[in-house]
2 protein chains.
Amino acid sequence: MADKTAKQPKKRLLRALAGETLDRPPWWLMRQAGRYLPEYRELREKAGDFITLCLTPELAAEVTMQPVRRFGMDAAILFSDILLVPRALGQSLSYEDDGPRLEAISEAADLRRLAARAAGIDLAPVGEAARCVRKALPDSTVLIGFAGAPWTVAAYMIEGGGSRDFQDAKSWMFRDPAGFASLIERIADATLDFLAIQIEGGVEVVQLFDSWAGILPPEGFVDWVIAPTRRLVAELKRRFPLIPIIGFPRGAGLMYERYAAETGVDAVSLDTSVPPIIAKATLQSRLPVQGNLDPVLLRLGGAAMREAVERLCEAFGTGPYIFNLGHGVLRDTPPEHVMELARVLSAPVA
Amino acid sequence: MADKTAKQPKKRLLRALAGETLDRPPWWLMRQAGRYLPEYRELREKAGDFITLCLTPELAAEVTMQPVRRFGMDAAILFSDILLVPRALGQSLSYEDDGPRLEAISEAADLRRLAARAAGIDLAPVGEAARCVRKALPDSTVLIGFAGAPWTVAAYMIEGGGSRDFQDAKSWMFRDPAGFASLIERIADATLDFLAIQIEGGVEVVQLFDSWAGILPPEGFVDWVIAPTRRLVAELKRRFPLIPIIGFPRGAGLMYERYAAETGVDAVSLDTSVPPIIAKATLQSRLPVQGNLDPVLLRLGGAAMREAVERLCEAFGTGPYIFNLGHGVLRDTPPEHVMELARVLSAPVA
């Protein structure tokens, strides 16, 4: 896909990722495909299981395309899930109404139950879905792939699902750093496979979601967010030198700067709490930034949203910038508010 | 109590709060009285209701004393709850197994159902409890009082209890800043009453818990964390100039520095995510700091805990510093680990 990318230097999102300052920022939204869209809910109803939806190429491709058709974002993000990696490693996965359930692992010995690489369960449909989307996407629209970063995936694997503060994951990390390192390495290898399949399928950019980076103490952040991300980025760069990587260490706070400086990511995605004035000076001076409208404002819509969007574009508009939320679209967000956002972002610059 | 404080300049915690660098840091633990102690669970069993426990002076005093008797911390923190303020404003409050329940409010009109000041429900027992504790405490031990900061209390009042991301509270804040300001002001007034009762009862230091500061976007942090805290601190300073105030804007991340610089608090408490190397340069250079061992390490105990404690003491030991956790004691923490911590902290400096 490197050639294809090289032949299309005009895609706005790729220009921003290459460090260019554009007159209006390219945009997409984390979780832009999903439950807030009636056409998604309808399709989900038919498909039944969430995993079936992710692993049936035509369905995953259709869901990926839905928001782009409605709103014309500058990027589609492949419909998939970060927990397909533990599943590919052989960990049982299901989705209940209140979130994912995994058969929790709790010590290094449990690694024996996992496969050595993602080969355990076939992820080929994810690559196939990427191929379908690339065929259907307008020429100007970028296809983004993604994976969870190793710490965040490990946290889910240990807790067996979501958690308020991931105490068990942190306990293992503190108690048995060597065993925990084996788990992180196993995840990183599988993540590389997962991303390679997406990139070979046509994904042009990847984002690493480290959704639980913010709950780690500083040493933990250095050892289990920065270090594994740096290794993963280096290996991706070796194999796919032309694919830009966006890192999203949600909640990194005072560690954002080290993350940006030390992991090798091409751009950093900012959560809602990051002050633009600080991010401009310490992050955007170094690399492109993405973010960080509060999703509650998108759900709310109206003047409050429009003004916040304009403030963000003003703050970040003088450097390489991709407009996005600071976290995923909330499920009760009215689609009309996303349309309103699209209008604000496409309005001529004052 | 100003006189009493002035006559006892030797209490180690007050010396640290006055900016002195001590050879070993004074220490206490957030949520040091509570469910991890068998004697607490026994007393709670007898008292039945959590609110009864808070509002019966002898019982609240006994619970406050329990950890100090066992572990000899440099401070006791009055056993109480931040939600006594909404209750005093007339909002119904109960405690279920999974946390507090309040009759949620959702718009400015609901303020009419609340009292104008905390006078609505009598908080006198809280002052009485402080008096009982002061009589029982060793001369060297400080009594700390506390309240929730207005934003955090508002967040609970609007959600009707705990929440993952307090979306309703943020929605109101974005949608109706004027109505939200009235709510914040009402809470701030009641908080002042709540703290005045504690200080008049003998509390020597107060801590403001802004547990949900970290979920706000930067403008929200400025308007609803920094501004109300600054007004509250100014009014406290006017009425009780000798009472030091510790601020704990949990999750403030990149906003910690502005919080410390702009609110007028005497010391700042750091959550687990704050890197000592940054806090030393940007915060401790300005005011005393408190924190920030991960409570998961206290639950774990052993070498991992001891080494982390020593790293913290080394990092912060060259300036005014109070040892504490970065968040409250976890309920399944073995009391022996707190004893181990007490030994590490009282060991002669190497």
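What rotation superposes chain A on chain B, and with how much shift along its axis? The legends below describe close-up views of a predicted model, beginning with the answer.

**Figure 1. Relation between chain A and chain B in the predicted model.** Chain A is superposed on chain B by a rotation of 180 degrees, with 0.0 Å of shift along the axis and an RMSD of 0.0 Å. This relation is that of a two-fold axis. Within chain A, the C-alpha nearest the axis belongs to A:G253, at 2.2 Å from it. Both copies use the same surface, since 100% of the contact residues of chain A recur in chain B.

**Figure 2. The side of chain A that touches chain B.** Contact between the chains involves 23 residues of chain A and 23 residues of chain B. On the chain A side, the elements giving two or more residues are α9 (167-175) and α14 (295-300). The largest share, 5 residues, is supplied by α9(A). By residue class, this side of chain A comprises 14 nonpolar, 6 polar and 3 charged residues.

**Figure 3. Helix α11 of chain B and its surroundings.** Helix α11(B) covers residues 218-239, 22 residues in total. From its first C-alpha to its last it reaches 30 Å, close to the 32 Å expected at 1.5 Å a residue. A kink of about 25 degrees is located at B:I226, shortly before the proline B:P228. Both B:I226 and B:P228 belong to the buried residues of this helix, which also include B:P218, B:G220, B:F221, B:W224 and B:V225. Further along, B:T229, B:L232 and B:L236 are likewise buried. The elements of chain B that cover these buried residues include the helices α8 (150-159), α9 (167-175), α10 (177-200) and α12 (256-262), together with the strands β5 (205-209) and β6 (245-248).

**Figure 4. Helix α8 of chain B.** Because 10 of the 10 residues of α8(B) are buried, this helix is largely enclosed by the rest of the structure. Its buried residues include B:P150, B:W151, B:Y156 and B:M157, as well as B:E159. Just after the helix, B:G160 adopts a positive phi of about 80 degrees.

**Figure 5. The β2–β3 hairpins of chains A and B.** In chain A, strands β2 (residues 93-96) and β3 (residues 99-102) pair in the antiparallel sense over 4 bridges. A:E96 lies opposite A:G99 of β3(A), and the hairpin joins the two strands through 2 residues. In chain B, β2 (residues 93-96) and β3 (residues 99-102) run antiparallel and are joined by 4 bridges. The bridge partner of B:E96 in β3(B) is B:G99, and 2 residues lie between the strands of this hairpin.

**Figure 6. Cis peptide bonds in chains A and B.** A:G291 and A:N292 are joined by a cis peptide bond with omega of about -20 degrees. A:N292 is placed in strand β8 (residues 289-293) of chain A. In chain B, a cis peptide bond joins B:G291 and B:N292, with omega of about -25 degrees; B:N292 is placed in strand β8 (residues 289-293) of that chain.

**Figure 7. Positive phi at A:F166 and B:R31.** A:F166 is not a glycine, yet has a positive phi of about 50 degrees. This residue is found in the loop between α8 (150-159) and α9 of chain A. A:F166 is buried, with 22 other C-beta atoms within 10 Å. B:R31, also a residue other than glycine, has a positive phi near 60 degrees. Its place is in the loop between α2 (12-17) and α3 (38-47) of chain B. B:R31 counts as partly exposed, with 18 C-beta neighbours inside 10 Å.

Key: Residues are numbered from 1 along each chain as its sequence is written. Chains are lettered from A and ligands numbered from 1 in the order in which they are written. This is a predicted model: local features need pLDDT of at least 70, side-chain atom pairs count only at pLDDT 80 or more; totals for chains, interfaces and linings use all residues. Two residues are in contact if their C-beta atoms, placed from the backbone, lie within 7 Å. Ala, Val, Leu, Ile, Met, Phe, Trp, Tyr, Cys and Pro count as nonpolar, Asp, Glu, Lys and Arg as charged, and the others, Gly among them, as polar. Copies are superposed by least squares on the C-alpha atoms of residues with pLDDT of at least 70 in both. The expected span of a helix is 1.5 Å times one less than its number of residues. The bend at a residue is the angle between axes fitted to the seven residues ending there and the seven starting there. A residue is buried if 20 or more other C-beta atoms lie within 10 Å of its own, exposed if 12 or fewer, and partly exposed in between; C-beta atoms are placed from the backbone. Two strands pair if DSSP finds at least two bridges between them.
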